[in-house]
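Please look over the sequence and the structure before reading on.

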Amino acid sequence: MPTIYGVLRSRATRPLWLLAEAGTEFSHVPVVQSYRLADPTAADAPLNTLSPEFLKISPQSAVPVMVDGDLVLTESLAITLCLARQYGGDLGPLDANELALAEQWALFGGISIDLPGIDIIYTYADGLADTPDGAAKIAAAVDRLSRPLARLETHLTTHEYLIGNRFTVADIMVAECLRYSQPHKPLHAAYPKTFAWLARCQARPAFVDMMARRNAEAA
Ligand SMILES: N[C@@H](CCC(=O)N[C@@H](CS)C(=O)NCC(=O)O)C(=O)O
């Protein structure tokens with residue numbers, strides 16, 4: 001049975017959404033990011049990414065981490081794809097071509113979408129989107145997103161989902177990377193098919209339930 005380390009207010013949402021969709025039994029250890037704690041080294045600090053107990057599992061000091069038997073994985077998208085292949089049925093790739101496509105979408109999400117989105121979501125969360133510096137940061141992120149989102153928009157103009165004609169792990173991985181860009185509404189108008197697809201993914205009961213639990217976690 002897999003164990004996922006990481007609070008829901010982290011990239012642990014990626015594997016946890018997949019596991020919820022798959023209906024797989026798993027165990028969840030809500031390790032919190034050290035930077036969110038006043039003193040992560042205090043004796044009574046909750047389990048966090050600097051806790052010695054967690055560092056033994058992942059010296060990278062980041063969540064999520066998955067442990068499943070002898071296998072330890074420390075990248076959210078690798079974990080999510082691995083879980084889909086192992087436990088996801090047709091949420092996972094069904095043949096070699098679908099596996100290649102799932103790997104492509106994982107790398108696309110992680111390399112082209114995730115980090116510009118982080119700039120966007122933190123700028124909005126910090127209330128800086130309307131400041132000159134914040135607006136410049138968002139403009140740079142939007143620029144970095146323009147080619148990947150044009151590629152996604154083209155795909156989603158003729159397809160309901162990323163692989164085949166069904167919701168798969170590829171949708172979870174890319175949707176979760178794209179969620180960080182969602183606060184910037186001009187992107188919704190510029191890429192309507194993409195944001196309609198994102199809304200479809202996010203309307204799924206497993207996502208709605210996961211986000212309710214995420215939002216109930218300490219901010
Ligand atoms: N590329 C990694 C990024 C992992 C990462 O940066 N995780 C953040 C939370 S989303 C973290 O644990 N930071 C720990 C810290 O800063 O203490 C992945 O996708 O798993």
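## Two domains

The centres of domain 1 and domain 2, taken over C-alpha atoms, are 22 Å apart. Domain 1 covers residues 3–90 and domain 2 covers residues 93–207; such bounds come from an automatic or database domain assignment.

The model is predicted: local features need pLDDT of at least 70, side-chain atom pairs count only at pLDDT 80 or more, and totals for chains, interfaces and linings use all residues. Residues are numbered from 1 along each chain as its sequence is written, and side-chain values use heavy atoms, with hydrogens and water left out.

## Where the domains meet

In domain 1, 15 residues are in contact with 27 residues of domain 2, contact meaning heavy atoms within 4.5 Å. The size of an interface is often given as the accessible area lost when the parts come together. Here the two domains bury about 1,700 Å² between them, with 67% of it on carbon and sulfur atoms. This buried area is the accessible area (1.4 Å probe) that two parts lose on being put together, summed over both.

Between domain 1 and domain 2 there are seven residue pairs in polar contact, both residues at pLDDT 80 or more. A polar contact is a pair of N or O atoms within 3.5 Å; within protein, one must be able to donate a hydrogen and the other to accept it, and residues adjacent in sequence count only if both atoms are side-chain atoms. On the side of domain 1 that touches domain 2, α1 (13–22) and α3 (76–87) each supply at least two residues. The largest share, six residues, comes from α1. Helices (H or I, at least four residues) and strands (E, at least two) are DSSP runs, numbered from the N terminus.

## Salt bridges

The structure holds eight salt bridges, and three salt bridges are counted between domain 1 and domain 2. The term refers to a side-chain nitrogen of Lys or Arg within 4 Å of a carboxyl oxygen of Asp or Glu.

R11 forms a salt bridge with D114, with the closest N and O atoms 2.8 Å apart. This pair links distant parts of the chain, 103 residues apart: R11 is in the loop between β1 (3–5) and α1, and D114 is in helix α4 (residues 96–125).

## The ligand

Which residues are closest to the ligand? They are S34, T49, V63, E75 and S76, among 14 residues that surround the ligand, each with a heavy atom within 4 Å of it.

A polar side-chain atom of T49 lies 2.8 Å from an oxygen atom of the ligand. For V63, a backbone N or O atom lies 2.8 Å from an oxygen atom of the ligand. R11 has a side-chain N or O atom 3.3 Å from an oxygen atom of the ligand.
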